[in-house]
Amino acid sequence: MGLREVLLAVFAFGALAFALAVVSTRNTVYAALEFVAHLLCLAALYCLLDAPLLGVLQVMVYAGAIMVLFLFAVMMLDIQETGRESAFQGPGQVAGALLLAALLFALLVFGADRFPAAALAPAAAPGAPGVGADNVVRVARALFERGALVFEAVGVLLLTAVVAVMVMAKRRLEN
Amino acid sequence: MHTALDSLNAAMSAHPLLVQALAAVAKTVFMMTVVMLIGGLILSWVERKQSAIMQDRIGANRAAILGVRAWGLFHNLADAAKGILKEDFIPPDANPFLHTLAPFLAVSTAVVAFAVLPFGGTVHLWGQSVDLTIAPLPIGILFVWAMMGMGVYGVVLAGYVSNNKFSLLGCLRATAQVISYEVATGLTVLGALLFYRSLDFRDMVAWQMGHNLGQVPFLGHLPDLGAVLAHIPAWGVFLQPLGFVLFFTATIVEMTRIPFDLPEGESEIIGYNIEYSGMKFMIFMMSEFVESLLFAWVIVLVFFGGWSLPGLHLGDGVAVLFGHALPYASGVALEAAAMALKIVFFLWFQMLVRWSLPRFRYDQIMHLGWKIMLPLALANLAVTGVLGVLAR
Amino acid sequence: MFGVGFFLALAFALFAVGAFGVLTRRDPLVMFMCIEMMFNSGNLALVALSRYLGLASGHALVFFVVAVAAAEVAVGLGIIIAIFRTEKDVNVDHLSELKG
């Protein structure tokens, strides 16, 4: 087992462990922090999967911006601990959800069975994501050439979201 | 003596891997020494002395060892001793693990970002080419931004786990300010990146060294100026003057220094670090100095040509300064000196800004960030992009 | 050991954990994070598949997912804060205003 395999195992375990921690932690802020750790593990996995650009973007956008916004909202709301009430729904719902999640997992694994058992494609092959500085260029090509229309649509979506949030915030101020 | 050197040369030439490994260790040790020495020690002394000079005071000068005062340099040692010996207080309701983690997160993210900053080009040692960067990443500048984004967590954690209303309010101020200006810091650099066509700091510096203003579209075609401009290096600051001014402003907000120091506001509105004492408090202070060095470094790399010195060209084993041949080693030394001087200049300039301007009001900071800097940065980027397409 | 199957299985497990969290937690913010977790499991599968099948377009898709997630978080958090301002409570069980 080389260094890459060890790191893969560590970060894969970390991603799963922190995901479970998010679901089971009562305190919202601690759950958010565990989710940040989960995202960082995923970013490391992306880097190990020859996607350094996505790995860094994951840290920048998800961990650095989205989750900070989350924590900001949690702290601004100053949510009181919800008394003695459990953080979870009733036991029946938990059991049902557990069953459903297990079923979902089984279904996905069963479905993935039909994927071609792909061997590791050479990273520098034409059409592949590429390595090093090439990775940035190739992802940019995929993004701005084939995905140009989607890119514009996503831009419009983000703008719409910004305007929507502004409207929501403004209306409250007037009342 | 001569034989020892010869045998060293022979051993190094025979083991290329050894050269690379030693270079990696040496680069890391050098960078960490520079960061810790400047960020941890020298900047706080410079700040004391510079503010004193600007305010017509003498500044800290009492600390002495055996009567030697050394211009107040020993005050840093006294500060360190005080920080270590002071009681490390953790509020009873705070989570001790997270309370301790916060200052380390704040400083370590800033320190880690230095791994992708080059402090020179490529040097040739015993037949091996060594990049003077700890981790030469092709996406270097994105890595710096990512680490900046992670640095917010130190402040967020400090404010939240202290279990104190004032630190929570301070941390809300800090978070909103820092994430607002991350937008500005990102967008203002993009204009320069359009010229360099790379996210790698080494490529940016190489582009700036390899071009002059006469080669820039539109500028080079000006009838009389074209020939004159050909003698001016194409540094980012000449290509993107507005981008530079905006970026410099945004970095000062990012490191929450005085005109924008609302997160801590040490003189009246206390901030996120009030429940910290001793060394942990000093680590928060240190993270600010480390960030100020980080941003000075990034500004020099992106906007001021990095280690390039106009008139100096380094070839393969030869150095030429305005047409005169120089020994290669002195050429390398000149480049290093140019880089160091530029960084020192920007550290000084940051201090100058800090001690010249009064603090902004919070709504003024937000107004500046979202209603002035963001549209200006977007306009700058759009104009640069359109001109770039027209010049094709 | 670390073939594409390993990453897909990890992604599915994360998706299942996220789905479980959405279904069982009472705190809308944690539910939100669990939805993000499901997004991210999809991203992990995309990255792994584009690595093993040699497709750069998978990376572009991850970009779009992250952008959509950012928009979703902005609006979602806005809604949660708006609810909290009027209800002073963010427990999904107590949010039954629309009930007849």
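User: What percentage of the 175 residues in chain A do buried residues make up?
Analyst: Buried residues make up 34% of them. A residue is buried if 20 or more other C-beta atoms lie within 10 Å of its own, exposed if 12 or fewer, and partly exposed in between, with C-beta atoms placed from the backbone. Before we go on: this is a predicted model, where local features need pLDDT of at least 70, side-chain atom pairs count only at pLDDT 80 or more, and totals for chains, interfaces and linings use all residues. Residues are numbered from 1 along each chain as its sequence is written, while chains are lettered from A and ligands numbered from 1 in the order in which they are written.

User: How do you know that the length of helix α10 of chain B agrees with its residue count?
Analyst: Helices (H or I, at least four residues) and strands (E, at least two) are DSSP runs, numbered from the N terminus. The expected span is 1.5 Å times one less than the number of residues. For the 14 residues 241-254 that gives 20 Å, and the end C-alpha atoms are 20 Å apart, so the two agree.

User: How many residues of chain B are in contact with chain A?
Analyst: 18, and they meet 17 residues of chain A. Contact means C-beta atoms, placed from the backbone, within 7 Å. α5(B) gives the most to that side of chain B, with nine residues.

Notes: Contact = placed C-beta atoms within 7 Å.
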